[in-house]
Amino acid sequence: MPRKDALESYREKRDFRRTPEPSARRGRRTGEPRFVIQQHDATALHYDVRLEADGVLKSWAVPKGPSTDPRDKRLAMPTEDHPLAYAGFEGVIPEGEYGAGPVIVWDTGTYRNLTERDGREVPVGEAVDRGHVKVWLKGKKLTGGYAFTRTPVGRDGREKWLLVKLKDEAADARRNPVSTQPESVLSGRTIEDLRARVS
Ligand code: MN
């Protein structure tokens with residue numbers, strides 16, 4: 001069950017009369033849980049990586065985007081839980097609103113939870129709270145295992161995680177889908193296409 005206030009932070013940051021983003025309703029789905037990676041050109045360009053768990057999308061902002069090379073450790077900053085409907089959101093958040101700028105769905109699909117503790121599966125929501133999540137992504141651009149690991153809090157007091165590709169058959173140091181496959185898997189548009197539409 002989702003925590004009662006799981007989407008409170010999402011709601012507080014946004015004015016739904018102004019932003020085209022989905023309103024903060026909790027969802028319920030059946031079947032395999034979904035993941036989405038949105039490229040978002042806000043104050044700085046980044047990728048929002050989201051995993052469905054407990055009726056919401058658990059979210060991290062990854063400045064460099066995910067890698068297919070297990071040697072890369074990508075910084076992932078946790079962000080507020082998003083509603084499930086956000087997984088299909090692509091568009092332009094207007095100037096003056098939270099996260100203003102274009103958003104595309106860079107990759108999406110379903111995932112399998114691989115997180116275990118003492119030989120038993122740890123549900124993803126609980127795994128996030130514990131600071132370690134392992135999933136198998138089944139996307140269009142990304143497949144295979146990825147690990148999210150919380151790091152000790154540094155001097156700035158901000159919670160930081162690392163996103164790392166696991167060593168498996170989908171690992172590939174030569175691929176660099178973030179630069180070679182920039183287009184939306186929903187519309188084929190790039191973030192530049194959307195940016196051009198605004199100006
Ligand atoms: Mn973002």
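Biologist: Which residues is Asp-69 in contact with, leaving aside its neighbours within four places in sequence?

Modeller: Asp-69 contacts Lys-165, Asp-172 and Ala-173. Contact means heavy atoms within 4.5 Å. This is a predicted model: local features need pLDDT of at least 70, side-chain atom pairs count only at pLDDT 80 or more, and totals for chains, interfaces and linings use all residues. Residues are numbered from 1 along each chain as its sequence is written, and side-chain values use heavy atoms, with hydrogens and water left out.

Biologist: Why is Asp-69 called buried?

Modeller: Asp-69 has a relative accessibility of 8%. Buried means under 20% relative accessible area, exposed over 50%, and partly exposed in between (1.4 Å probe, protein chains only). The value of 8% falls under 20%, so Asp-69 counts as buried. Asp-69 sits in the loop between E3 and E4. Helices (H or I, at least four residues) and strands (E, at least two) are DSSP runs, numbered from the N terminus.

Biologist: Gly-188 is in a loop as well, between helix H3 (177–180) and helix H4 (191–198). Why does Gly-188 count as partly exposed?

Modeller: Gly-188 comes out at 42% relative accessibility. Gly-188 touches Glu-183 and Asp-193, not counting residues up to four places away in sequence.

Biologist: Is Asp-107 buried or exposed, and why?

Modeller: Asp-107 is buried, because its relative accessibility is 0%. Asp-107 lies in strand E6. Beyond four places in sequence, Asp-107 touches Phe-35, Val-36, Ile-37, Gly-139, Lys-140, Lys-141, Leu-142 and Val-185. Its C-alpha is 6.2 Å from that of Lys-141, which is 34 residues away along the chain.

Biologist: Why does Phe-148 count as buried?

Modeller: Phe-148 has a relative accessible area of 2%, so it is buried. Phe-148 belongs to strand E10. Outside its sequence neighbours up to four places away, Phe-148 touches residues including Val-49, Leu-51, Trp-60, Val-133 and Leu-163.

Biologist: What makes a set of residues a nonpolar core?

Modeller: The members are buried Ala, Val, Leu, Ile, Met, Phe, Trp, Tyr and Cys residues joined through side-chain atoms within 4.5 Å. The largest such core has 24 residues, and Leu-51, Tyr-111, Val-133, Val-135, Leu-137 and Phe-148 have the most contacts inside it. Among the elements supplying at least two residues each are strand E1 (34–41), strand E6 (101–113), helix H2 (124–130) and strand E9 (132–139). E2 gives the largest share of this core, four residues. Another core, of 15 residues, lies apart from it; Ala-6, Tyr-10, Tyr-86 and Val-105 are among its residues. In soluble globular proteins, nonpolar side chains tend to be buried together.

Biologist: What makes a space a cavity, and what makes it a pocket?

Modeller: A cavity is a set of points where a 1.4 Å probe fits but cannot get out; a pocket is an open set with protein on both sides within 12 Å along at least five of seven lines. Lining residues have an atom within 4 Å of a point. The whole structure has one cavity of 30 Å³ or more. The largest cavity holds about 40 Å³, and the largest pocket about 380 Å³. Each volume is the space filled by probe spheres set on the points, which are joined across faces, edges and corners.

Biologist: How many residues of each class line the largest cavity?

Modeller: Its lining has nine nonpolar, no polar and no charged residues. Ala, Val, Leu, Ile, Met, Phe, Trp, Tyr, Cys and Pro count as nonpolar, Asp, Glu, Lys and Arg as charged, and the others, Gly among them, as polar. Ile-37, Pro-66, Tyr-146 and Phe-148 are among the lining residues. The lining of the largest pocket divides into ten nonpolar, six polar and seven charged. E4 gives the most to that lining, with five residues.
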